[in-house]
Amino acid sequence: MTAPVLDVRDLKVTFSTREGLVTAVDGVSFSVDAGEVMGLVGESGSGKSVTGLAVLGLIDPPGRIAAGSITVKGRELVGLPEKALQKVRGKDVAMIFQDPMTTLNPVLRIDTQMIEAIRAHEAVSEKAARERARDALAKVGIPSPDERLSAYPNQFSGGMRQRVAIATALLNRPAVLVADEPTTALDVTIQAQILAEVQKLCAETGTALVWITHDLSVIAGLADKVAVMYAGRVVEEGMVADVLERPIHPYTAGLIGSVPSRNKRGRPLAQIPGMTPQLSKLPPGCPFAPRCFNATEPCHGIRPERTPYPGGRAARCHNPLNVPAADAARELAP
Amino acid sequence: MLVYLIRRIGQSLLVIAVMAFLVFLAVYAVGDPVAILANPEANQAELDAIAARLGLDRPIWEQFGIFVWNALQGDLGTSFVYSESALKVIIERLPATMELAFVALLLSILIGVPLGVIAGLKPDSLVGRSIMSTSILGFSLPNFWIGLMLILLFAVELRWLPASGRGETVEVLGVHLSMFTWNGLSHLLLPAITLALYKSSLVIRIAQAGTREVMLQDYVRFARAKGLSSRRIVFVHVLKNMLIPVVTVLGLELGSMIAFAVVTETVFSYPGMGKLLIDSINRLDRPIVVAYLMLTVFIFVIINLVVDLLYAAIDPRVRLSEAKG
């Protein structure tokens, strides 16, 4: 088996705030192979975006990576000086963001913003870079890319801007692309187009894709595997089909239950009661216990450890809902 | 763009017309210039003769009508004191004030923008904090006091620079300018610094706030995610966005520097328009005051127009929305 392209081990990100040290990401581990798509799912404040930024070394003070390791193509990124990180960003690891209306600089033309991304990493002529930028725009389905290159971002719609951002991020054929909810701000129809586009491009170039979202239905159609985050921890991980069909953690089950679908028409949607906990005031036990329908005595006192299950799955729960049978695992991995 | 320009010029003309009306009314409500101009022993007949010569015996609406008619032909009245075209008297002083304002503007940009950007990039560092606290001083110290202190230090104690007046001039394109001679520049430096100190503090604060705000924008984060160097991010991505508010404020400030450098010009006995205005108010030389105010309005209108056009040059969003509208 080849080594994964992106490997995150025991990542811990802390922010020093007025209320003391807050751990936004606590012991997160995952790995993604070339061409593989991993979904990182969670509510707002679960630490999924911070995890994404950490992969690019974009955690700014007062935040910092307190512990753990992030390797891309076998190279350790944690602890690299800023200059070295600049060479990695946009070249080996790229990122696209949630709001396409604000990701592009409003006062610079598209060609400026794309060409600088190429020339930051390669000594190519302005003309060659421009040609590559044009081809990239054509590839993400932007009509008459030659003209559009000399346009300003405000002359594009939201969906078009996100395409430009995706084209820009993929200019240098990065090994890893971190996508932080890039379709959340878009219309559903555009959403589906962008999803298909990114999936196709990443498959073509063998780019490992980390798709951060709060939307399980997006993950269902896109990702190979999934990690569910809650209060800075991965509470459940596994192959998408397994996790969505037989969730181990009650939180995952709650997320699945709150997705509207045709099968549940007419019935009230299941909700997870309560709110995500404040990271500075986490309960001593399982952070999800106060909202959990299945919580028992130990849940409030003892923090559950990561427990591996057959089929390459794992969860942090004292009262797992579905325990995958060992024989099922044997079928999967003979 | 052309439609935009025409509409903006139309607005400007309206502003000038309204201001002409207000200025004329206001100035004619103050004092009786005949009493000041005439010999103290003059009798009523002589006073009436002076009033008739200056056109002050007619009803005010008629005087206004004559004023507007003449103004449209480029004549803003004849100075009671100098017996010369009021506009000509002012225009003679204009280059002195203009070059003072431009040198001060240049200084405040050269000082203010770099310091503001540094303070904005590192708001919590010692350097950033020092710059911001020092800028408060520049704000709060009164102009005339700074002028006097600079004279004391550089002219009286160190004897490096002259304390007052305007230096040698050379004629450039028919205008007498002193900023191209060493002697002229040395006379210009102290009043320009006095004017620029306040403005550069203002620029520092706007540039700092702008830089901090822009640094938090998604597009800066995306630029970093592309792997750009910090230098390129600051000089290309941040600077251009940050300059938008700076240009607005500096445009307005340039107008006020040209029109109201009154205190500074008086402290340094600098023969510019500001000093002329003070003298003319004291002598109730109405045509000069009216002409001065009209010229000021005109300058402000022009500067605002230029600022709006500059805006469109920096910010493509302005261009597009105005073209649609």
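Predicted model: local features only at pLDDT ≥ 70, side-chain atom pairs only at ≥ 80, totals over all residues.
Biologist: Is the peptide bond from Pro61(A) to Pro62(A) cis or trans?

Modeller: Pro62(A) lies in the loop between helix H1 (48–55) and strand E4 (63–72) of chain A. Most peptide bonds are trans. Here omega is near 10°, and the bond from Pro61(A) to Pro62(A) is cis.

Biologist: Now to the aromatic rings: why is the pair of Phe97(A) and Phe222(B) edge-to-face?

Modeller: A search of the whole structure finds ten aromatic pairs over all chains. In the pair of Phe97(A) and Phe222(B), the ring centres are 6.2 Å apart and the planes stand at 85°, so the pair is edge-to-face. The cut-off for that label is an angle over 60 degrees, and the angle between the planes of Phe97(A) and Phe222(B) is 85°.

Biologist: Where in chain B is Phe222(B), the partner of Phe97(A)?

Modeller: This pair crosses between chains. On the chain A side, Phe97(A) is in the loop between strand E6 (93–96) and helix H3 (100–103). Both Phe97(A) and Phe222(B) are buried. On the chain B side, Phe222(B) is in helix H9 (residues 218–225).

Biologist: Which residues form one aromatic cluster in chain B?

Modeller: For this one we look away from the pair that crosses between chains. The cluster is made up of four phenylalanines of chain B: Phe21(B), Phe24(B), Phe64(B) and Phe67(B).

Biologist: How far is Arg148(A) from the ring centre of Phe156(A)?

Modeller: Here a charged side chain meets a ring in chain A. Arg148(A) lies over the face of Phe156(A). The limit for such a placement is 6 Å from the ring centre, and Arg148(A) is at 4.3 Å.

Biologist: Which element gives the largest share of the lining of the largest pocket?

Modeller: The largest pocket has a volume of about 1,200 Å³. Its lining has 35 residues, and nearest its centre lie Asp60(A), Pro61(A), Met215(B), Leu216(B) and Arg224(B). By class, the lining of the largest pocket holds 16 nonpolar, eight polar and eleven charged residues. Its largest share, four residues, is supplied by H9(B).

Biologist: And which element gives the largest share of the lining of the second largest pocket?

Modeller: The second largest pocket has a volume of about 540 Å³. It is lined by 22 residues, with Leu54(B), Gly55(B), Gly77(B), Thr78(B) and Phe80(B) nearest its centre. Helix H1 (2–28), helix H3 (44–54), helix H4 (60–72) and helix H13 (286–314) of chain B each give two or more residues to this lining. The largest share, four residues, comes from H4(B).

Biologist: Is His187(B) buried or exposed?

Modeller: His187(B) is found in helix H8 of chain B. A polar atom of its side chain lies 3.0 Å from the backbone oxygen of Asn183(B). The relative accessibility of His187(B) is 15%, under the 20% limit, so His187(B) counts as buried.

Biologist: What distance separates the C-alpha atoms of Val218(A) and Leu195(A)?

Modeller: Val218(A) is in helix H9 (residues 216–222) of chain A. Its relative accessible area is 7%, so Val218(A) is buried. Along the chain, Val218(A) and Leu195(A) are 23 residues apart, and their C-alpha atoms are separated by 8.3 Å.

Biologist: To finish, what share of the residues of chain B count as buried?

Modeller: The secondary structure of chain B comes to 14 helices and two strands. Its C-alpha atoms fill a box of roughly 85 × 60 × 35 Å along the principal axes. Chain B has 325 residues, and the share that count as buried is 44%.

Terms used
Residues numbered from 1 in each chain as written. Chains lettered and ligands numbered in written order. Heavy atoms only, no water. Phe/Tyr/Trp six-rings, centres within 6.5 Å; stacked < 30°, edge-to-face > 60°. Buried < 20%, exposed > 50% of the residue type's maximum accessible area, 1.4 Å probe, protein only. Lys NZ or Arg CZ within 6 Å of the ring centre and 35° of its normal. 1 Å grid on protein atoms, 1.4 Å probe; cavity = no way out; pocket = protein on both sides within 12 Å on 5 of 7 lines; lining within 4 Å. Points joined across faces, edges and corners; volume = space filled by probe spheres on them. Nonpolar A, V, L, I, M, F, W, Y, C, P; charged D, E, K, R; others polar. Polar contact = N/O pair within 3.5 Å; in protein donor to acceptor, adjacent residues only side chain to side chain.
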